[in-house]
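Hi everyone, thanks for coming. Let me put the structure up, and then we can walk through a few spots together.

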Amino acid sequence: MRRTLALLAILLPPALASVQAVAADEPRLAFNPANISRVKTLMANDTEAVRRWAVQKAIADEALSTTPRGDRKIDAALEALALAFRVTDDRRYADKARALLLDRADRKDWLTDMPLARRDPPWKSDLGMGYAATSSGIAYDAIRATLSPADRKRISQGIIRGAIEPIINDWIDGRARIHALDTMGHNWWAHIVFGAGVAALALRDDDPRALEWARRIDQASVEWYGFAGSRIESKPQTYGSDGAYSETVGYAELGLHSLLIFRRSWVETFGTQPSPIPHLNKVADYFLAAAYPRSDGWVSVNFGDSRPPSCGCHTLADLWALGDRKPDYLTYINGFAHVPEKDAWRDATNLPYLPDAAARQSAQTAVARPLTTLFTSQGLLTMRKDWNADSTFFALKSGFTWNHNHADASSFVLYHKGRSLIADSGHSSYSTPEYDGYYRQSVAHNVVTIDGKAEPPSDLYDGSHFTGAIDHLIDTPDMRFAWADATGPTSRYFQRNFRNIFWIGDTILILDDLRSWDIGQYEWLLHYQGGSQEGRQDRATARRRRRCGRDASLPERTARRRIADRLPLCDETGRA
């Protein structure tokens with residue numbers, strides 16, 4: 001046995017080999033001695049820390065008296081119980097966590113999305129398994145010293161059988177893998193795989209394969225973040241060098257938070273940094289630029305399947321925990337705290353990293369970031385008058401259409417005085433007919449259509465080989481200009497589909513340069529929140545619909561009628 005351990009220490013990288021010298025029963029993940037010591041210090045001097053701790057203790061106390069039902073409630077209870085035990089040394093919390101872990105370990109299958117098991121080939125892992133692997137690993141690490149050898153074996157083997165092996169086989173191991181980065185290499189990949197990584201780190205002293213699993217997942221994290229896309233399959237790059245994500249704010253948070261929880265667990269376990277990921281520090285720029293401060297709570301641009309309350313709050317809290325501590329991260333997190341599930345500091349695993357009173361005070365100042373930001377990698381432009389709450393904010397999207405991205409090339413939103421004046425229509429539940437039949441299509445967005453058409457609906461599932469772009473920007477104190485090109489995604493109907501945006505003083509001017517293949521009726525779609533009542537203004541808006549087309553050989557009578565109706569004529573290029 002000694003020879004085997006010595007050989008393992010030689011083969012593993014120094015960071016992994018050094019773990020052999022640490023006491024086996026000492027927690028090393030979120031609730032390690034250093035983190036718990038900081039929690040106790042904070043609670044002795046900080047009323048905010050006391051309040052946060054009281055919330056977690058209440059969750060733990062409820063779990064003592066009432067067994068939680070549902071996997072997400074079990075996950076939250078496990079983390080709260082583990083924290084409560086480590087802070088109070090009250091064995092009741094550890095015993096309850098033990099009971100929940102044993103019950104989960106004895107499950108025959110940890111899969112919760114059962115229709116996946118009926119696919120060909122069958123999927124053996126899902127999003128719920130990513131959550132379960134993370135919470136079970138963190139809780140097991142925290143109470144391991146209280147467990148008998150038989151309990152340790154039963155729980156560790158249950159986690160391996162129920163979560164780690166199915167995930168490794170489905171997503172990592174080339175001998176059994178059914179997913180790849182060019183098919184499912186977006187938020188699902190990250191959330192599921194990095195959950196297995198946290199669990200593997202928790203089992204480092206229980207199974208000789210655990211450290212190798214963690215090492216392989218660490219290597220894979222670099223491949224996932226840096227995936228450059230696939231032109232053959234019309235798949236976008238996962239993250240651009242500017243930090244923007246291919247599938248909107250909400251899904252960026254799901255993938256990045258999972259990645260950073262794994263990286264936090266790695267640092268907590270080994271005391272060294274995991275594999276470097278180029279440009280990872282840019283993701284905060286993306287989240288902040290996509291946010292709109294309001295006096296009654298911040299919102300994010302909700303292009304695609306994202307929602308206005310979506311944010312990168314947990315991601316920025318993770319960056320703070322890893323040592324990247326910028327005051328505007330805290331301003332951002334506080335801005336979304338009006339939505340309980342977006343309040344990153346309410347998580348049990350984040351309590352050890354709660355900023356102290358001095359750090360929190362630094363977040364009271366206004367954000368000092370650029371007023372105009374362009375993410376060319378994903379075709380996202382944001383402009384604002386200033387960073388004050390309820391100011392004027394404009395955002396435009398002209399990028400990739402696929403999966404969680406809608407057919408919205410050159411669609412824009414506008415906020416003013418805290419209100420959404422021109423809105424994205426959002427989305428419904430994925431299972432409803434309206435999701436594919438309306439919300440994801442061009443007609444649900446603030447774009448120009450011809451005869452009601454812009455992007456083909458097939459792009460939603462097949463992707464578009466011809467992406468939109470925003471690749472020209474002039475940003476001066478007196479005038480801002482951006483040029484968006486939606487011709488590629490709409491090229492079935494448009495020869496030219498250019499949108500020019502001018503922000504001059506207090507005026508935002510949009511000029512569209514259009515040319516269609518055929519004669520038809522242009523419509524400028526503007527969606528808004530709330531109701532409406534038809535009146536003279538609405539009839540005037542209806543008269544502003546333009547009719548034009550490629551064919552310039554129209555009868556003279558038709559031309560005269562257009563002049564009488566004050567509608568534009570087509571020139572020889574078919575442009576209005």
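Look at Asp89 for a moment: this residue sits just after helix H5 and has a positive phi, at about 60 degrees. Do keep in mind that what you see here is a predicted model.

Now step back into the helix itself. H5 covers residues 71–88, which is 18 residues. How far apart should its ends be? At 1.5 Å a residue we expect a span of 26 Å, and the end C-alpha atoms lie 25 Å apart, so the two agree. And is H5 mostly covered or mostly open? Mostly covered: of its 18 residues, 14 are buried.

Next, please find helix H4, residues 47–65, and helix H6, residues 91–105. These two pack with their axes 10 Å apart, at an angle of about 65 degrees, and the crossing of H4 and H6 is left-handed. Which residues make the contact? From H4 we have Lys57, Ala60, Asp61, Ala63 and Leu64, and H6 brings Arg92, Tyr93 and Lys96.

Strand S9, residues 469–475, and strand S10, residues 479–485, run antiparallel and are joined by 6 bridges. The link from S9 to S10 is a hairpin of 3 residues.

That's my tour, thanks!

Conventions
Residues are numbered from 1 along each chain as its sequence is written. This is a predicted model: local features need pLDDT of at least 70, side-chain atom pairs count only at pLDDT 80 or more; totals for chains, interfaces and linings use all residues. Side-chain values use heavy atoms; hydrogens and water are left out. Helices (H or I, at least four residues) and strands (E, at least two) are DSSP runs, numbered from the N terminus. The expected span of a helix is 1.5 Å times one less than its number of residues. Buried means under 20% relative accessible area, exposed over 50%, partly exposed in between (1.4 Å probe, protein chains only). Axes are lines fitted to C-alpha atoms, for helices over the stretch in contact, and angles run from 0 to 180 degrees between N-to-C directions. A crossing is left-handed if the near helix is turned anticlockwise from the far one by less than a right angle, and right-handed if clockwise. Contact means heavy atoms within 4.5 Å. Two strands pair if DSSP finds at least two bridges between them.
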